[in-house]
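The following note sets out points on the helices, a pocket and a few side chains. Please read it alongside the coordinates.

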Amino acid sequence: MSNILEVDNLTVTDMRDQDEIVHHISFELKKNSCLGIVGESGSGKSITAKAILGLTNPWLKSEGTVKYFGKNHCTDMLKLDTNSLRVIRGQHICMILQDSMSAFDPLEPIEKQMGETFMENLKVSKIQARNMAVEYLKLMNINDADQVMKKYPHQLSGGMLQRCMIATALAMKPDIIIADEPTTALDSINQREVVGEFQRLRELTGTALIFISHDLGVVQHLSDQLLVMKDGEGVEYGDAKTIFSNPQHEYTRHLIATRLKMSQSFRKAMKSGIGR
């Protein structure tokens with residue numbers, strides 16, 4: 001299976017004090033696969049994802065190579081200008097943010113926000129955009145899509161907003177979706193439902209996933225490959241099943257021993273099928 005993304009020697013430096021935040025991170029993402037990135041808060045997971053997409057603060061400098069293998073071409077994303085990056089972010093690599101509430105404008109209904117995204121990036125009409133919103137919300141098992149679209153973000157639950165974000169990303173038919181802590185604010189039942197949507201997304205579209213989380217139960221359920229980060233470094237990387245069953249690094253062993261206990265309720269929910 002060929003790679004859709006190759007990150008080599010990615011380093012992120014705070015130019016205000018020359019502090020190196022992310023140290024020489026390397027990994028590959030294969031087509032139609034899921035890479036889990038795990039580590040405790042402050043380990044550099046989110047900064048790594050934002051550096052890939054050129055979304056870091058202006059005082060942060062990203063170095064190394066980030067090769068994106070689009071249709072019939074290879075692009076080093078760290079060398080692209082702002083407009084070229086915006087096109088890739090809009091159409092080829094989508095990011096689902098950690099806080100679903102903050103991802104939406106509180107002053108606009110869901111329909112308008114999804115519609116504007118589709119019209120701007122896919123160049124479709126307003127009617128086409130609305131039809132797409134209904135279609136992809138229904139794919140997320142939202143049966144009352146027409147009613148959901150009329151609502152404002154504060155009128156929907158965190159789990160429902162996550163589904164709206166996933167539906168929006170799915171409609172873009174991207175090559176890669178980067179999900180940054182998408183289940184952190186959800187209870188175990190809603191976590192199960194959202195993880196189920198990510199699984200369906202892969203089955204429906206073949207989209208590759210980078211799933212960032214400190215919740216090892218969720219990551220273990222989804223990931224083919226695993227990158228473990230600590231203090232901005234990649235301390236272990238490889239096949240997810242192998243790492244979970246036989247971790248080599250002391251920090252990975254500690255993380256698995258402590259974090260898996262904390263995610264027992266999620267694993268029980270996945271096994272029991274609650275919420276189906």
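1. The buried residues of α4 (126-139) pack against α3, α5 and α6; contact here is defined by heavy atoms within 4.5 Å. Those buried residues are Ala129, Met132, Ala133, Val134, Tyr136 and Leu137, where buried means under 20% relative accessible area, exposed over 50% and partly exposed in between, with a 1.4 Å probe and protein chains only. Helices (H or I, at least four residues) and strands (E, at least two) are DSSP runs, numbered from the N terminus.

2. As to basis, this is a predicted model, in which local features need pLDDT of at least 70 and side-chain atom pairs count only at pLDDT 80 or more, whereas totals for chains, interfaces and linings use all residues. Residues are numbered from 1 along each chain as its sequence is written, and side-chain values use heavy atoms, with hydrogens and water left out.

3. The length of α4 agrees with expectation, because its 14 residues should span 20 Å at 1.5 Å a residue and its end C-alpha atoms are 20 Å apart. The expected span is 1.5 Å times one less than the number of residues. Just after α4, asparagine 141 has a positive phi of about 60°.

4. Helix α3 (residues 110-122) has 13 residues and reaches 18 Å from its first C-alpha to its last, close to the expected 18 Å. Its buried residues are Ile110, Gln113, Met114, Gly115, Phe118 and Asn121. Their cover includes α2 (82-91), α4, α5 (145-150) and α6. Lysine 123 follows α3 with a positive phi, near 55°.

5. The largest pocket has a volume of about 830 Å³. The elements giving two or more residues to its lining are α2, β6 (93-96), α3 and α6, and α3 gives the most, with six residues. The lining comprises 24 residues, of which Met95, Ala103, Thr117, Asn121 and Thr168 lie nearest the centre. On a 1 Å grid over the protein atoms alone, a pocket is an open set of points with protein on both sides within 12 Å along at least five of seven lines, and lining residues have an atom within 4 Å of a point.

6. Methionine 165 belongs to helix α6 (residues 158-171). Methionine 165 counts as buried because its relative accessible area is 10%. Its C-alpha atom is separated by 9.3 Å from that of methionine 95, 70 residues apart along the chain.

7. The charged end of lysine 230 sits over the ring of tyrosine 251, 5.6 Å from its centre; the criterion is NZ of Lys or CZ of Arg within 6 Å of the ring centre and within 35 degrees of the ring normal.

Technical notes:
1 Å grid on protein atoms, 1.4 Å probe; cavity = no way out; pocket = protein on both sides within 12 Å on 5 of 7 lines; lining within 4 Å. Points joined across faces, edges and corners; volume = space filled by probe spheres on them.
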